[in-house]
Amino acid sequence: MSVQSVRDPADARAGGKTEARDDVLPGYAVAVIREEGRWRCVRLAKDALVDLDKAITELRSLRSTGAVLGLLAVDDCFFVLLRPIPGGVELMLSDAVAALDYDVAADVLDLLRVDLPPEDAADDEPWPEGDMSIIANLGMPADELEVLAGEWELYPDEQLAAIGRRCGFADALAEVVGGR
């Protein structure tokens, strides 16, 4: 996959010499947890953006009596919603075409048992895939999530902020990702 590395911003500021790092992409990975009627957000390890198993493992380690939801905003291109459930994980990918360039998106499609889109699909509109009702019980119905995922003029962080507003965790999310 061709888009799996990025320049480290700290190296760029240090005088132009940069070293590509294969384990990091721009964006953020956040766990959203609802306990006792309140939302809180915590950052996941940065490598959760490139390693779906890492993201799932981290979410499962957050023992909670309430809802746990993972949000991945990847490289200003797409987002992933993950929700651990007994015996598995529910997944939603905002654009299946991203699987042509990003391993984490391809891994989502693999877990969903969905074939990679054809190469010529890259010029089409976003192609949401997965469980569109993943957050229906948190306040966003499946049809609204599908419409939001199809809004190609919005960046993934804007789409996730809209989800946060609809579900009630926007302030907690902004507090965690505000300083990226």
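**Close-up views of a predicted model**

**Figure 1. Overall architecture of the chain.** The secondary structure of the chain amounts to six helices and eight strands. The model shown here, as in every view that follows, is a predicted one. Followed along the sequence, the elements take the order β-α-β-β-β-α-β-β-β-α-β-α-α-α. The chain has 180 residues, and 43% of them count as buried.

Figure 2. Five residues, Asp-51, Asp-53, Asp-103, Asp-107 and Asp-110, form a negative surface patch. Helix H3, which spans residues 103–112, is the element that gives the most to this patch, with three residues. Asp-51 is placed in the loop between strand S4 (38–43) and helix H2 (52–61).

**Figure 3. The loop between S4 and H2 at Ala-45.** Ala-45 is located in the loop between S4 and H2. The relative accessibility of Ala-45 is 27%, so this residue counts as partly exposed. Tyr-28 is 17 residues away from Ala-45 in sequence, and the C-alpha atoms of the two residues are 8.8 Å apart in space.

**Figure 4. The salt bridge of Glu-35 and Arg-40.** The count of salt bridges in the model comes to two. In one of them, the side chains of Glu-35 and Arg-40 meet at 3.4 Å, N to O. Glu-35 has a relative accessibility of 27% and counts as partly exposed. Arg-40, at 37% relative accessibility, also counts as partly exposed.

**Figure 5. The salt bridge of Glu-144 and Arg-166.** Side chains of opposite charge can pair when their charged atoms come close. Here the side chains of Glu-144 and Arg-166 form a salt bridge, with an N to O distance of 2.8 Å. Glu-144 belongs to helix H4 (residues 142–149) and Arg-166 to helix H5 (residues 156–167), so the pair ties together parts that are 22 residues apart in sequence. Glu-144 is partly exposed, with a relative accessible area of 30%. Arg-166 is likewise partly exposed, its relative accessible area being 39%.

Figure 6. Most residues other than glycine have a negative phi. Asp-75, although not a glycine, has a positive phi of about 50°. This residue lies in the loop between strand S5 (68–74) and strand S6 (78–85). Asp-76 is not a glycine either, and its phi is positive at about 55°; Asp-76 is found in the loop between S5 and S6. Are these residues buried or exposed? Asp-75 is buried, because its relative accessible area is 19% and buried means under 20%. Asp-76 is partly exposed, with a relative accessible area of 49%.

Figure 7. How many disulfides does a search of the whole structure find? The search finds zero. Cys-41 has a relative accessible area of 10% and is therefore buried. Cys-167 counts as buried as well, at 8% relative accessibility.

Definitions and conventions
Residues are numbered from 1 along each chain as its sequence is written. This is a predicted model: local features need pLDDT of at least 70, side-chain atom pairs count only at pLDDT 80 or more; totals for chains, interfaces and linings use all residues. Side-chain values use heavy atoms; hydrogens and water are left out. Patches are made of residues with over 30% relative accessible area and no salt bridge: like charges are joined within 9 Å, nonpolar side chains (Val, Leu, Ile, Met, Phe, Trp, Tyr) within 5 Å. Accessible areas come from the Shrake-Rupley method with a 1.4 Å probe; for residues, only the protein chains shown count as cover. A salt bridge is a side-chain nitrogen of Lys or Arg within 4 Å of a carboxyl oxygen of Asp or Glu. Lys and Arg count as positive and Asp and Glu as negative; His and the chain ends are not counted. The place of a charge is taken as NZ of Lys, CZ of Arg, CG of Asp or CD of Glu. Helices (H or I, at least four residues) and strands (E, at least two) are DSSP runs, numbered from the N terminus. A disulfide is a pair of cysteine sulfur atoms within 2.5 Å. Buried means under 20% relative accessible area, exposed over 50%, partly exposed in between (1.4 Å probe, protein chains only).
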